[in-house]
Amino acid sequence: MASALDAAELARVFESLDSDGNGSINADEIISYFGSRLNMSVHEVQRFLQNVDQNGDGEIQLDELHAALAAKSTFRDRARKALVYEAFVGSVLPPLGLHFD
């Protein structure tokens, strides 16, 4: 088990969610993946997207996901990181045989 996701593993996870291959993950892709696996509501998906989307384009790019996972430890950032971990990494990595501690 890896102690952290390296850049190649994170890219692999990201690409598995980027179903249209355009280099970003949009709300529909998040809903498609997480809606069925985690029973996330549209509101929860929108909140997740807002927490990770740094440039405000309504989509998540790989660098934004990486930044969210590496956020500093302020209360708000810890909450954001927990949301990202639980909703994204916690459900995506295990089926790919990857783990994030």
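Colleague: Which are the buried residues of α4?
Modeller: In this predicted model, the buried residues of helix α4 are Glu 64, Leu 65, Ala 68 and Leu 69. When you look down the axis of α4, these buried residues fall within an arc of 135°, so they line one face of the helix.

Colleague: And which residues in α1 meet α4?
Modeller: From α1, the residues Leu 10, Ala 11 and Phe 14 meet Leu 62, Leu 65, His 66 and Leu 69 of α4. Leu 65 and Leu 69, which take part in this meeting, are also among the buried residues of α4.

Colleague: At what angle do α1 and α4 pack?
Modeller: Helix α1, which covers residues 7-17, packs against helix α4, residues 62-69, at an angle of about 120°, and their axes are 10 Å apart. The two helices are therefore oblique to each other, and their crossing is right-handed.

Colleague: Let me step back a bit: how many helices and strands are in the chain?
Modeller: The chain has five helices and two strands, and if you read along the sequence they follow the pattern α-β-α-α-β-α-α.

Colleague: What share of the residues in the chain is buried?
Modeller: Of the 101 residues in the chain, 40% are buried. As for contacts with a separation of 6 or more, 55% of them are accounted for by residues 24 or more positions apart.

Colleague: Back to Phe 14, then: what is Phe 14 in contact with?
Modeller: Phe 14, which has its place in helix α1, is in contact with Gly 23, Ser 24, Ile 25, Ile 60, Gln 61, Leu 62 and Leu 65, once its neighbours within four places in sequence are left aside. Its relative accessibility is 5%, and because buried means under 20%, Phe 14 counts as buried. The C-alpha atoms of Phe 14 and Gln 61 are separated by 8.5 Å, although these residues are 47 residues apart along the chain.

Colleague: Which side chain has a polar contact with that of Ser 24?
Modeller: That is the side chain of Glu 59, joined to the side chain of Ser 24 by a polar contact of 2.6 Å.

Colleague: New topic: which are the buried residues of α3?
Modeller: In helix α3, which covers residues 42-52, the buried residues are Val 45, Phe 48, Leu 49 and Val 52. Seen down the axis of α3, they fall within an arc of 95°, so they line one face of the helix. His 43 and Gln 50, on the other side of α3, are exposed.

Colleague: What about Val 52 and Glu 64, what separation do their C-alpha atoms have?
Modeller: Those C-alpha atoms are separated by 6.1 Å, with the two residues 12 residues apart along the chain. Val 52 is buried, with a relative accessible area of 1%.

Colleague: Last one: where is the place of Asn 55?
Modeller: Asn 55 is in the loop between α3 and β2, the strand at 60-61. A polar atom of its side chain lies 3.1 Å from the backbone nitrogen of Asp 57. Leaving aside neighbours within four places in sequence, Asn 55 is in contact with Gln 61 and Glu 64, and Glu 64 brings us back to the buried residues of α4.

How values were computed: Residues are numbered from 1 along each chain as its sequence is written. This is a predicted model: local features need pLDDT of at least 70, side-chain atom pairs count only at pLDDT 80 or more; totals for chains, interfaces and linings use all residues. Side-chain values use heavy atoms; hydrogens and water are left out. Buried means under 20% relative accessible area, exposed over 50%, partly exposed in between (1.4 Å probe, protein chains only). Helices (H or I, at least four residues) and strands (E, at least two) are DSSP runs, numbered from the N terminus. The arc is that of the directions from the helix axis to the C-beta atoms. Axes are lines fitted to C-alpha atoms, for helices over the stretch in contact, and angles run from 0 to 180 degrees between N-to-C directions. Angles under 35 degrees count as roughly parallel, over 145 as roughly antiparallel, 65 to 115 as roughly perpendicular and the rest as oblique. A crossing is left-handed if the near helix is turned anticlockwise from the far one by less than a right angle, and right-handed if clockwise. Contact means heavy atoms within 4.5 Å. A polar contact is a pair of N or O atoms within 3.5 Å; within protein, one must be able to donate a hydrogen and the other to accept it, and residues adjacent in sequence count only if both atoms are side-chain atoms.
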